[in-house]
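Hi everyone, thanks for coming. I'd like to walk you through one structure today, so please have a look at the screen while I talk.

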Amino acid sequence: MTGRRFEGQVAVITGASRGIGFGIARRLVDEGAKVAITARGEEALADAVEELGADNAIGIPGKAHDPAHQDDVIAKVTARFGPIDHLVNNTGINPVYGGLLDIDVEVAKKIAEVNAISALQWTQKVNKASLGERGGNVVFIGSVAGMRNSPGIAFYGASKAMIARLVEDLAVEMGPKCRVNGVAPAVVKTKFATALYEGQEDPAAPYPLKRLGEPADIAGPVAFLLSEDAAWITGTMLPVDGGLLAAGASLL
């Protein structure tokens with residue numbers, strides 16, 4: 001922890017009722033930020049807000065790819081806390097496992113819509129609402145699956161590869177006022193990722209650090225990229241992977 005780097009600042013974190021998103025929200029609140037968190041489940045969001053503190057957070061349920069929900073979040077957080085300084089595009093889905101030749105195209109469209117296109121929509125809208133004039137930061141949550149072949153979750157990886165391209169191109173378009181970066185986690189121990197590690201004899205074996213990630217392992221680098229400590233970093237996709245890529249391994 002490096003103090004209250006986000007005192008007086010406002011962040012929106014999508015998909016943040018639990019897991020990586022909630023870990024990021026927790027870190028930003030601990031460093032002084034006010035946050036809006038989104039997810040589909042109202043009960044889970046209410047529990048998350050209670051843990052973060054009602055003075056520090058609001059939870060707004062809805063589907064991340066729904067334009068009306070996006071507008072609602074921006075309006076409500078601005079009315080409650082003021083203009084948005086930071087956006088963390090965290091929402092992601094992976095409803096199927098298997099190769100590209102067998103995936104249902106309609107399912108592939110939904111993965112791309114939620115994981116990549118909605119993240120672009122959020123960025124466009126928050127930029128129009130505040131970042132374009134005030135400046136600020138956007139961080140995308142990608143995946144090492146978007147950087148290396150990942151059998152079994154191939155289209156999920158393709159959607160995360162799209163995220164990496166969005167980071168680079170948006171960094172150019174949104175500079176110099178705004179910085180745009182991303183992090184690419186390997187397997188983090190969350191409910192979302194249980195199928196990638198549960199039941200395996202030693203899922204951490206390929207990792208040089210010999211453990212899987214925890215949400216806090218992602219929250220720290222995200223907070224760094226959002227902070228002025230990273231003031232000369234933009235357009236970067238940072239692997240946060242316990243050394244998995246360095247070891248030449250893939251998620252599966």
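Let's begin at Asp30, which lies in helix H1. By helix I mean a DSSP run of H or I with at least four residues, while a strand is a run of E with at least two, and both kinds are numbered from the N terminus. Before I go on: this is a predicted model, where local features need pLDDT of at least 70, side-chain atom pairs count only at pLDDT 80 or more, and totals for chains, interfaces and linings use all residues. Residues are numbered from 1 along each chain as its sequence is written, and side-chain values use heavy atoms, with hydrogens and water left out.

The cut-offs are under 20% relative accessible area for buried, over 50% for exposed, and partly exposed in between, using a 1.4 Å probe and protein chains only. If you look for Ala119, you'll find that Asp30 is 89 residues from Ala119 in sequence and 25 Å from it in space, C-alpha to C-alpha.

Now the helix around Asp30. H1 covers residues 19-30, and at 1.5 Å a residue its 12 residues should span 16 Å. The expected span is 1.5 Å times one less than the number of residues. The end C-alpha atoms of H1 are 17 Å apart, which agrees. Because 9 of the 12 residues are buried, H1 is largely enclosed by the rest of the structure. Among those buried residues are Ile20, Phe22, Ile24, Arg27 and Leu28. After H1 comes Gly32, with a positive phi near 105°.

The axes are lines fitted to C-alpha atoms, for helices over the stretch in contact, and the angles run from 0 to 180 degrees between N-to-C directions.

Take H1 with helix H6, residues 215-226: their axes come within 8 Å and cross at roughly 50°. That is why H1 counts as oblique to H6. For the naming, under 35 degrees is roughly parallel, over 145 roughly antiparallel, 65 to 115 roughly perpendicular, and the rest oblique. This crossing of H1 and H6 is right-handed. In the contact, H1 contributes residues including Gly23 and Arg27, and H6 contributes residues including Ile218 and Val222. Contact here means heavy atoms within 4.5 Å. By class, the H1 and H6 contact has 9 nonpolar, 3 polar and 1 charged residues. Nonpolar covers Ala, Val, Leu, Ile, Met, Phe, Trp, Tyr, Cys and Pro; charged covers Asp, Glu, Lys and Arg; the others, Gly among them, are polar.

Next pair: at what angle do H4 and H5 pack? H4 and helix H5, residues 154-174, pack at about 20°, with their axes 8 Å apart. They are therefore roughly parallel to each other. The crossing of H4 and H5 is right-handed. One of the H4 residues in this contact is Leu120, and one of the H5 residues is Met162. The classes come out as 14 nonpolar, 4 polar and no charged.

H4 also meets helix H3, residues 67-81: those axes come within 10 Å and cross at roughly 35°. The H3 and H4 crossing is right-handed. Val126 of H4 takes part in that contact, and so does Ile74 of H3. The H3 and H4 contact has 6 nonpolar, 4 polar and 2 charged residues.

Val126 counts as buried, at 0% relative accessibility. Not counting residues up to four places away in sequence, Val126 touches Ile74, Ile84, Leu87 and Leu131.

Last stop, the loops. Asn94 is in the loop between strand S4 (86-89) and H4, and Asn94 is buried at 14%. The loop between H5 and strand S6 (178-185) holds Pro176, and the peptide bond from Gly175 to Pro176 is cis, with omega near 5°. Finally, Lys210 sits in the loop between S6 and H6. Lys210 has a positive phi of about 55° although it is not a glycine, and Lys210 is exposed at 55% relative accessible area.

How values were computed
A crossing is left-handed if the near helix is turned anticlockwise from the far one by less than a right angle, and right-handed if clockwise.
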